[in-house]
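Student: I have a model open and would like to learn how to read its features. Could you take me through them?

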Amino acid sequence: MTTAPSETNEPTEEPTTTSPKPEPTKKATTRPTATTSPPSPRYTATRAQLLQAEADVASAKQAFQEAQADPGSSPEDVQVALYEYKAAIVALQDLKDGTPGKFHRSLEIEGAKAYLAQAQMELQVLYNTSGVDQGDIAQAEARVARWQERLAELKAS
């Protein structure tokens, strides 16, 4: 799952006119308190976007339940389906909160671990299968390496 960096639209302090030397504009940090309301969302999702996100959640939930029920599904397949279900729920909530594409580090790490485990399992199956094309093995090895690198990047961030 790719995520776009979130944009901030924080208020700025204006220089005062009574000051002999204007100070540079500074970003103010606004935090809701018990007496103030939270800032309004910077983004408002359309009805179609919300409906699509809700459909994505329903579809991911169904895929997860099917993976759980299918005796042919590996634990790694179930783990990936669970991650995709969680990611769909978070994406829907982010739309509702006005922060689509918000980066969720712990969720991304969970996803990278799931995809890495699945890639490693698939590679092991190829290693244990006779007559497998070497190109297929090379592709599977590359997929494992990509997920190892992605996981390392996420853990370092």
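**Reading the model**

Tutor: The chain exposes about 11100 Å², and carbon and sulfur atoms supply 53% of that area. Accessible areas come from the Shrake-Rupley method with a 1.4 Å probe; for residues, only the protein chains shown count as cover. This is a predicted model, in which local features need pLDDT of at least 70 and side-chain atom pairs count only at pLDDT 80 or more, while totals for chains, interfaces and linings use all residues. Residues are numbered from 1 along each chain as its sequence is written, and side-chain values use heavy atoms, with hydrogens and water left out.

Student: How many helices and strands does the chain have?

Tutor: Helices (H or I, at least four residues) and strands (E, at least two) are DSSP runs, numbered from the N terminus. Here there are four helices and zero strands, in the order α-α-α-α from the N terminus.

Student: How do α1 and α2 pack?

Tutor: Axes are lines fitted to C-alpha atoms, for helices over the stretch in contact, and angles run from 0 to 180 degrees between N-to-C directions. In this case the axes of α1 and α2 are 8 Å apart, at an angle of about 160°. That makes α1 roughly antiparallel to α2 (angles over 145 degrees count as such). Among the residues of α1 that meet α2 are Leu50, Val57 and Phe64; on the α2 side, they include Leu82, Tyr85 and Ile89.

Student: Which aromatic pair involves Phe64?

Tutor: Rings of Phe, Tyr and Trp (its six-membered ring) pair if their centres lie within 6.5 Å; planes under 30 degrees apart count as stacked, over 60 as edge-to-face and the rest as tilted. The structure holds three aromatic pairs. In one of them, Phe64 stacks with Tyr85, at 6.1 Å centre to centre and 15° between the planes. This pair joins helix α1 (residues 47-69) to helix α2 (residues 75-97), with its partners 21 residues apart.

Student: Are Phe64 and Tyr85 buried or exposed?

Tutor: Buried means under 20% relative accessible area, exposed over 50%, partly exposed in between (1.4 Å probe, protein chains only). Phe64, at 13%, is buried, and Tyr85 is buried too, at 18%.

Student: Why does the pair of Tyr115 and Trp147 count as stacked?

Tutor: Their ring centres are 4.9 Å apart and their planes lie at 15°, so the pair is stacked. Tyr115 sits in helix α3 (residues 105-127) and Trp147 in helix α4 (residues 134-156), 32 residues apart. Tyr115 is buried at 14%, whereas Trp147 is partly exposed at 22%. Ring pairs also bring in Tyr83, linking Tyr83, Tyr115 and Trp147 into a cluster.

Technical notes. Parallel < 35°, antiparallel > 145°, perpendicular 65-115°, else oblique. Contact = heavy atoms within 4.5 Å.
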